[in-house]
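Biologist: Can you walk me through this model? I would like to start with the overall layout and then go into the details.

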Amino acid sequence: MPKWLRISILLVVLVLVAGQQFLGKQRVSSWDEPVWIAIYPLISDDREAQHFIDTLSIADLKPLERWFAKESERYGMLFQRPIQLHLMPTVNAPSPPEAPADRSPWKVAYWSLELRYWAWKYLDDGFPTHSKIVMKVYPKSIEKLPGHSTGLEKLKLGIVKIRGNRIELPYLRFLIGHELLHTLGASDKYSYADHSPYYPAAFLEPDKKPLYPQNFAEIMAGVIPKTSKTWQPTNKLSLIKVGDDTAREIGWQK
Ligand SMILES: [Zn+2]
């Protein structure tokens with residue numbers, strides 16, 4: 001496809017989705033109905049990774065739905081299932097475009113346009129969902145996952161990267177929860193330099209005396225602050241909560 005045609009298509013997609021997003025933004029901030037999230041596994045050419053995808057069921061993700069119900073209840077939401085996860089059929093598509101390594105605004109803008117185009121082309125809209133989460137599964141023996149998982153509010157799109165290993169299911173649930181909260185407007189609560197948790201945003205008990213050790217991790221930080229210089233990563237939903245800042249960002253409290 002010539003480059004000018006590709007860019008023209010991208011621009012048309014941009015205009016089309018701009019309208020949809022305005023409506024979507026209004027819909028979620030009210031939280032007067034459950035928010036539907038579609039999860040799309042991407043086909044893998046690795047046999048074990050594909051087996052992981054084939055055997056994954058919605059039951060594997062239910063603990064995350066229940067976690068959202070419990071957390072939203074703490075903020076006075078009364079739904080039984082405020083977030084409803086739907087596992088979609090496997091998508092036969094190439095990997096979504098990777099975020100540019102250097103975060104120059106133009107490169108990021110172009111990448112986000114490419115990503116919109118990719119999502120529009122490959123993710124079918126079976127029913128109206130608020131956000132889409134793409135699941136890219138790698139061989140379980142891979143040492144380091146390439147790139148990062150990501151969640152973009154404007155695109156209402158998240159990409160989670162995991163190894164195809166059922167031992168990593170708790171991590172998958174945490175990651176989906178974290179990235180889908182990004183698509184609802186939540187920001188990270190840790191430093192990108194050293195992963196240190198922000199105070200007070202990443203502290204569930206910011207007034208605790210003594211302050212350390214904390215007992216819980218904030219979902220947008222993913223670590224339990226242990227001392228002023230140490231923190232412990234966790235994927236255990238029983239040890240993870242939604243903090244007040246995140247609750248405000250997603251509209252659970254004023
Ligand atoms: Zn994040």
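Modeller: What follows goes through the domains, the core, the sheet and some backbone details.

Modeller: This is a predicted model, where local features need pLDDT of at least 70, side-chain atom pairs count only at pLDDT 80 or more, and totals for chains, interfaces and linings use all residues. Residues are numbered from 1 along each chain as its sequence is written.

Biologist: OK. Which domains is the protein chain divided into?

Modeller: Domain 1 covers 3-183 and domain 2 covers 188-254. Those bounds come from an automatic or database domain assignment. The C-alpha centres of the two domains lie 23 Å apart.

Biologist: How many residues does the contact take from each domain?

Modeller: It takes 17 residues from domain 1 and 15 residues from domain 2. Two residues are in contact if their C-beta atoms, placed from the backbone, lie within 7 Å.

Biologist: And which elements are on the domain 1 side?

Modeller: Helix H1 (3-30), helix H3 (62-74) and helix H5 (169-183) each give two or more residues to the side that touches domain 2. H5 gives the most, with seven residues. Helices (H or I, at least four residues) and strands (E, at least two) are DSSP runs, numbered from the N terminus.

Biologist: What is the make-up of that side, by residue class?

Modeller: Eleven nonpolar, four polar and two charged residues. Here Ala, Val, Leu, Ile, Met, Phe, Trp, Tyr, Cys and Pro count as nonpolar, Asp, Glu, Lys and Arg as charged, and the others, Gly among them, as polar.

Biologist: Moving on to the core. How many residues are in the largest nonpolar one?

Modeller: The largest nonpolar core has 44 residues, and those with the most contacts inside it are Ile37, Ile39, Ile133 and Ile176. A nonpolar core is a set of buried Ala, Val, Leu, Ile, Met, Phe, Trp, Tyr and Cys residues joined through C-beta atoms within 7 Å. A residue is buried if 20 or more other C-beta atoms lie within 10 Å of its own, exposed if 12 or fewer, and partly exposed in between, with C-beta atoms placed from the backbone.

Biologist: Which element gives the most to this core?

Modeller: H5, with six residues. The core also draws at least three residues from each of domain 1 and domain 2.

Biologist: What does isoleucine 37 touch?

Modeller: Leaving out residues up to four places away in sequence, Ile37 touches Ile83, Gln84, Leu85, His86, Thr129, His130, Ser131, Ile133 and Leu180.

Biologist: Now the sheet. What is the strand order?

Modeller: Five strands form an open sheet in the order S2-S1-S3-S5-S4, with mixed pairing. S2 and strand S4 (150-152) stand at the edges with a single partner strand each, so one side of each is left without a neighbour in the sheet. Two strands pair if DSSP finds at least two bridges between them.

Biologist: Is S3 enclosed or open, and why?

Modeller: Seven of the eight residues of S3 are buried, so S3 is largely enclosed by the rest of the structure. S5 is mostly covered, with six of its seven residues buried.

Biologist: What about the S4-S5 hairpin: which residue there has a positive phi?

Modeller: Lysine 156, near 50 degrees, in a hairpin with four residues between the strands. Lysine 156 is buried, with 24 other C-beta atoms within 10 Å.

Biologist: Last topic: which peptide bonds are cis?

Modeller: The bond from tyrosine 199 to proline 200 is cis, with omega near 0 degrees, and so is the bond from tyrosine 212 to proline 213, with omega near -5 degrees. Proline 200 is in the loop between H5 and strand S6 (217-218), and proline 213 lies in the loop between H5 and S6 too. Most residues other than glycine have a negative phi, and most peptide bonds are trans.
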